[in-house]
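Subject: Handing over a structure

Dear colleague,

I am passing this structure on to you, and below it you will find my notes on what turned up when I went through it. Please read them with the sequence and the coordinates open beside you.

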Amino acid sequence: MNSNHFIKKACIAILSNFDKRNKKIWLFGEWFGKRCGDNSLYLANYVAQKHPDIHVFFAANKDTDLSLLDKRIKVIDRTSRKSIAVYRRAGVVVMNQGIQDFMDDPYNYFSGAVTVNLWHGVPWKKIFLDSSKNTSFLGKMIDRIAMVMTRSKYYLSLSEDFTRIIRNSTGVKDKNIIKSGYPRNSIFYDDEVIKTAKGRIIDALKKNGADINDKTRLITYMPTFRDSGAPTFSFNEMDESFFEYLRTENIVLVEKNHFADINKMKDSIRNRVINLPDCNAPELLAASDMLITDYSSCFFDYLVLDRPIIHFIYDYEDYSTKDRGVYYSKDEVVCGDTAMDTRELFDSIKRNISDPNINQDLRNKRREVYITYENEDSCKQIYDFIRGVL
């Protein structure tokens with residue numbers, strides 16, 4: 001960023017404090033405008049359905065799938081300069097990444113608004129300032145200035161441990177941290193919603209050629225991305241004995257790469273491993289009988305469902321020391337079996353299919369530490385907090 005660009009960004013961040021805000025206008029966005037299926041979606045729907053006096057806007061790109069968005073919500077084009085008028089009037093602005101959810105070149109038009117970052121996952125891997133690779137004093141100072149210019153006023157936290165991480169990595173105070181669960185996880189507490197979600201996932205699998213019926217068990221594999229650009233494992237690499245096991249046990253395995261790695265998704269194979277890159281992640285988790293992941297925060301969400309979790313962390317040494325870095329050692333945080341190679345992975349799958357409750361005590365223990373505030377009323381709690389601030 002050149003000096004003129006930096007000065008312009010700083011000026012906009014300062015001047016937006018003086019914009020006239022409407023407390024009845026709430027603006028939502030997520031995933032750089034390219035997705036509509038995370039915490040912002042579920043809280044936006046809640047506000048639109050429960051509080052019709054509020055004008056709810058959702059900023060997204062023109063080609064984004066908005067099928068899960070409540071019809072009462074007004075969609076605005078994130079790439080249009082006309083949207084800036086809404087940005088400068090919104091009294092409440094909710095995001096799950098940062099202000100880049102609303103524009104590619106992120107200018108902070110929201111300084112005068114109540115800004116809330118719901119974030120998109122309880123962190124095992126490092127986030128915000130903690131993930132910076134700058135080691136010089138000047139580099140660290142620039143990072144901190146950029147954080148102050150762009151950070152939200154309020155952040156959501158699911159536990160005391162998460163609160164500590166948010167506080168240290170953003171510089172916000174404890175009073176500016178909302179203690180509640182993730183809005184997206186609210187679907188895990190309703191059996192009818194889970195049933196509907198599973199139906200949609202099964203329909204998507206059938207369209208992709210899956211050999212599936214009412215008794216088919218679903219295993220989901222959701223790895224995170226690597227900052228280094230290193231490729232992530234795909235089950236397409238397994239040998240024939242694995243696919244024979246899937247056929248015998250009537251199992252379909254769904255692969256869903258991280259948003260940042262969608263373009264790296266490998267083709268489906270043998271119709272027992274199916275790629276669903278664009279499906280809604282919470283619905284996929286709700287539909288799944290088992291989760292396989294690595295460092296992705298999705299396993300914290302999956303704890304709510306109390307179903308088997310396997311961590312395939314074949315590159316643990318490199319990832320924990322040379323890539324993003326992690327807050328906890330694997331022994332402190334894993335919620336089920338850990339596998340370091342495909343043989344161990346296959347054995348773990350068979351063991352957990354045979355007995356889904358073998359790691360139940362461990363899952364309960366992790367839930368008490370890492371998602372302490374998770375509950376079915378998270379949307380109401382977050383809404384009440386924001387109204388209290390207003």
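Ring pairs join Tyr221, Phe233, Phe235, Phe242, Phe243, Tyr245, Phe312, Tyr314 and Phe346 into a cluster, where rings of Phe, Tyr and Trp (its six-membered ring) are taken to pair if their centres lie within 6.5 Å, and planes under 30 degrees apart count as stacked, over 60 as edge-to-face and the rest as tilted. Please keep in mind that this is a predicted model, in which local features need pLDDT of at least 70 and side-chain atom pairs count only at pLDDT 80 or more, while totals for chains, interfaces and linings use all residues. Residues are numbered from 1 along each chain as its sequence is written, and side-chain values use heavy atoms, with hydrogens and water left out.

The structure holds 27 aromatic pairs. Tyrosine 245 is buried at a relative accessible area of 12%, and phenylalanine 346 is buried at 14%, where buried means under 20% relative accessible area, exposed over 50% and partly exposed in between (1.4 Å probe, protein chains only). The ring of phenylalanine 346 also has the charged end of lysine 350 over it, 4.4 Å from its centre, and the charged end of lysine 9 sits over the ring of tyrosine 107, 5.2 Å from its centre; the criterion is NZ of Lys or CZ of Arg within 6 Å of the ring centre and within 35 degrees of the ring normal.

Turning to the sheets, 7 strands form an open sheet with parallel pairing in the order 3-2-1-4-5-6-7, two strands being paired if DSSP finds at least two bridges between them. Strand 3 (74-77) and strand 7 stand at its edges with a single partner strand each, so one side of each is left without a neighbour in the sheet. Within this sheet, strand 1 (residues 22-28) and strand 4 (residues 90-95) run parallel and are joined by 4 bridges, with asparagine 22 opposite alanine 90 in strand 4.

A further open sheet of 6 strands, again with parallel pairing, has the order 10-9-8-11-12-13. Here strand 10 (273-275) and strand 13 (337-339) are at the edges, and each has a single partner strand, so one side of each lacks a neighbour in the sheet. Strand 8 (residues 217-222) pairs with strand 11 (residues 290-293) in the parallel sense over 4 bridges, and threonine 220 stands opposite leucine 291 in strand 11.

Two loop residues may also be worth a look. Threonine 224, in the loop between strand 8 and helix 7, is buried at 1% relative accessibility, and a polar contact of 2.4 Å joins its side chain to that of lysine 125; such a contact is a pair of N or O atoms within 3.5 Å, where within protein one must be able to donate a hydrogen and the other to accept it, and residues adjacent in sequence count only if both atoms are side-chain atoms. Asparagine 185, in the loop between strand 7 (177-179) and helix 6 (191-207), is likewise buried, with a relative accessible area of 1%.
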